[in-house]
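Dear colleague,

I am passing on the structure below, and my notes on what was found in it follow directly after.

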Amino acid sequence: MWKSIASNFLTVCIVGLFVAGALIGWGQSQYKSEGPLESATFFEVPRGASLRSVSEKLAAQGVISNASIFRIGAGYSDKASELKFGNYEIPAGASMAEVIDIVTSGGPSTFRYVATYVIRNTGGEMRFRERTPGTGEEVVLAEFKAGDPLPEAYTEAVAAELPIVYRLAVAEGLTSWQIVEGLKGADFLEGDVGELPAEGSLAPDTFEVKRGAVRDEILDRMAQAQTRILEEAWANRADGLPLETKEEALVLASIVEKETGVAEERRQVASVFINRLNQGMKLQTDPTVIYGVTNGVGNGLGRGIRQSELRARNAYNTYVIPALPPGPIANPGKLAIEAALNPDETPYIFFVADGTGGHAFAVTIAEHNANVAEWRKIEAERNANN
């Protein structure tokens, strides 16, 4: 009798082992095989989410076929505690093993909805887009300027608390007043701005921010970035520059930024001003004259410079003063700062617009006058065609 019981128990154990092995094999197959997701999708891992809640959400959205197998596989691969907060794009047919790799990677978030707020000298403008999962294509859902009524597509997405990434893009060469006014027009930011930041102290760039971010904190972030950029550029500056302080470098960089929008010629433009400073010549640059009139408030003159303004005696009129103005005339970007501190070595003393968006450079006044005559001819032709 006991032999029979022992034999039956052994048989049950063997069968149990076979069943367990088969279940393990089946589970591994399910974990590594192609998943049920028919088309790519976006998935959010909330901050502080548990593996159980994430697995159940993945299963509910049809990304994985079995939440329990997903959790067991995550534990077996030592990734059960490695979830990273963020938004992720899950490709069609992703296996559970691939999904756990994606949501524990800690890579940059990929959002379905992107709201980009751009600040230019004409004010702020929002572009609200939806990204198509799997293709990367983007569809513009709404475009509007600061102060306009908010479009329905945008307000509905905000009200539904959809995961939206907000990007703040600040153009190079804006004054501090223009940047602050642009921030005031951003509906997704909060808080009043205290003191107007010092001219030149803000780094223009694209920043990812959260809805509800405080305006003064964003300005502090920009100021800290500009300080780092200037410190690094000053430490790596060329020898023999006629610039005694970092502040003077920032002044020159702001002039370079306002004089050209062509990245490739910033160092050439900087070389002209460096050559003029070395020779004791007046800089004679229009943007400083304009700043002396506007003090950086508004969107420029909106007209040509008057002869009386070119003759006016003020600290920013470089047609009168024989040196740099006392402060920056805008907030220069990183490339302009680097150009001012590492200009090209050229013999150029003059430059004028060439009609293509760039400039024609010259060594002698005769060459410059010829370039000016050519530019006036282009201007006359354009005016005749308008």
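A crossing of two helices is called left-handed if the near helix is turned anticlockwise from the far one by less than a right angle, and right-handed if clockwise; helices here are DSSP runs (H or I, at least four residues), numbered from the N terminus. This is a predicted model, in which local features need pLDDT of at least 70 and side-chain atom pairs count only at pLDDT 80 or more, while totals for chains, interfaces and linings use all residues. Residues are numbered from 1 along each chain as its sequence is written, and side-chain values use heavy atoms, with hydrogens and water left out.

The crossing of α8 and α9 is right-handed, and the contact (heavy atoms within 4.5 Å) is made by Leu252, Ile255, Val256, Glu257 and Glu259 of α8 together with Arg266, Val269, Ala270, Phe273 and Ile274 of α9.

The side chain of Glu309 reaches the backbone nitrogen of Arg306 at 3.0 Å, and, not counting residues up to four places away in sequence, Glu309 touches Val289, Val293, Leu301, Arg303, Gly304 and Asn317.

Ala330, found in the loop between α11 (307–311) and α12 (334–341), is likewise buried, with a relative accessible area of 0%. Leaving aside neighbours within four places in sequence, Ala330 is in contact with Gly173, Leu174, Thr175, Glu199, Gly200, Ser254 and Lys258.

Note on methods. Helix = DSSP H or I, 4+ residues; strand = E, 2+ residues; numbered from the N terminus. Buried < 20%, exposed > 50% of the residue type's maximum accessible area, 1.4 Å probe, protein only. Polar contact = N/O pair within 3.5 Å; in protein donor to acceptor, adjacent residues only side chain to side chain.
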